[in-house]
Amino acid sequence: MTLRLSDDEFSLLFQMSKESPNIREYGLGEGPPRAGIETLHELLGFLREIRGYARTRLERVPEVGRSDRVRLVSVAPGSVTLSFRSTMVESVLAGLETVRERLGDAETHTRTGFSPAEVSALVTRLRETR
């Protein structure tokens, strides 16, 4: 599945992924919430590379060396296009929902700079495109 994210959507995904290490400490047990948080944590390094690439336009396009579940398709002014395997999208959704649920709306806004409505819009968009 190919997904074109606006700069804001990409930034939101990055910020939510940055919270995954904090959420892991909550003792999530097993199942989709744990898998989702682990996926966001795995994705964090890749998203960090893309962010750096987009800012500096380095010659080397970032690649995911430890997973073939997501890859960078393109970076254009105002957007980033990623290709996800469908299982990755399900796990990313579970991770986003777990972060939002564990932090609550106010803390999610404080930590990420994005409103609950923006988080919901990204979750809805991912659900619709899977």
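Predicted model: local features only at pLDDT ≥ 70, side-chain atom pairs only at ≥ 80, totals over all residues.
1. Packing of α3 with α4. Helix α3, residues 32-56, packs against helix α4, residues 86-112, with an angle of about 100° and with the axes 7 Å apart. Angles of 65 to 115 degrees count as roughly perpendicular, and α3 and α4 are therefore roughly perpendicular to each other.

2. Residues in the α3 and α4 contact. On the α3 side, the contact is made by Pro 32, Pro 33, Ala 35, Gly 36, Ile 37, Thr 39, Leu 40 and Leu 43. Helix α4 contributes Met 88, Ser 91, Val 92, Ala 94, Gly 95, Leu 96, Thr 98 and Val 99. Sorted by class, the contact of α3 with α4 holds eleven nonpolar and five polar residues, and no charged residues.

3. Packing of α1 with α4. The axes of α1 and α4 cross at roughly 90° and come within 9 Å, which makes α1 roughly perpendicular to α4. Leu 13, Gln 15 and Met 16 of α1 make this contact with Val 92, Leu 96, Val 99, Arg 100, Thr 108, Arg 111 and Thr 112 of α4. By class, five residues of the contact of α1 with α4 are nonpolar, three are polar and two are charged.

4. The largest pocket. The space in the largest pocket amounts to about 190 Å³. Its lining comprises 15 residues, of which Asp 7, Phe 10, Arg 51, Ala 54 and Val 80 are the closest to the centre of the pocket. The lining divides into seven nonpolar, four polar and four charged residues.

5. Elements around the largest pocket. At least two lining residues come from each of α1 (7-18), α3, β2 (70-76) and β3 (79-84). Helix α1 gives the most to the lining of the largest pocket, with five residues.

6. Salt bridges. Side chains of opposite charge can pair when their charged atoms come close. The structure holds five salt bridges. One of them joins Glu 9 to Arg 125, with the closest N and O atoms 2.9 Å apart. Glu 9 lies in helix α1 and Arg 125 in helix α5 (residues 116-129), so that the pair, 116 residues apart, links distant parts of the chain.

Definitions and conventions
Residues numbered from 1 in each chain as written. Heavy atoms only, no water. Axes fitted to C-alpha atoms, helices over the stretch in contact; angles between N-to-C directions. Helix = DSSP H or I, 4+ residues; strand = E, 2+ residues; numbered from the N terminus. Parallel < 35°, antiparallel > 145°, perpendicular 65-115°, else oblique. Contact = heavy atoms within 4.5 Å. Nonpolar A, V, L, I, M, F, W, Y, C, P; charged D, E, K, R; others polar. 1 Å grid on protein atoms, 1.4 Å probe; cavity = no way out; pocket = protein on both sides within 12 Å on 5 of 7 lines; lining within 4 Å. Points joined across faces, edges and corners; volume = space filled by probe spheres on them. Salt bridge = Lys/Arg side-chain N within 4 Å of Asp/Glu carboxyl O.
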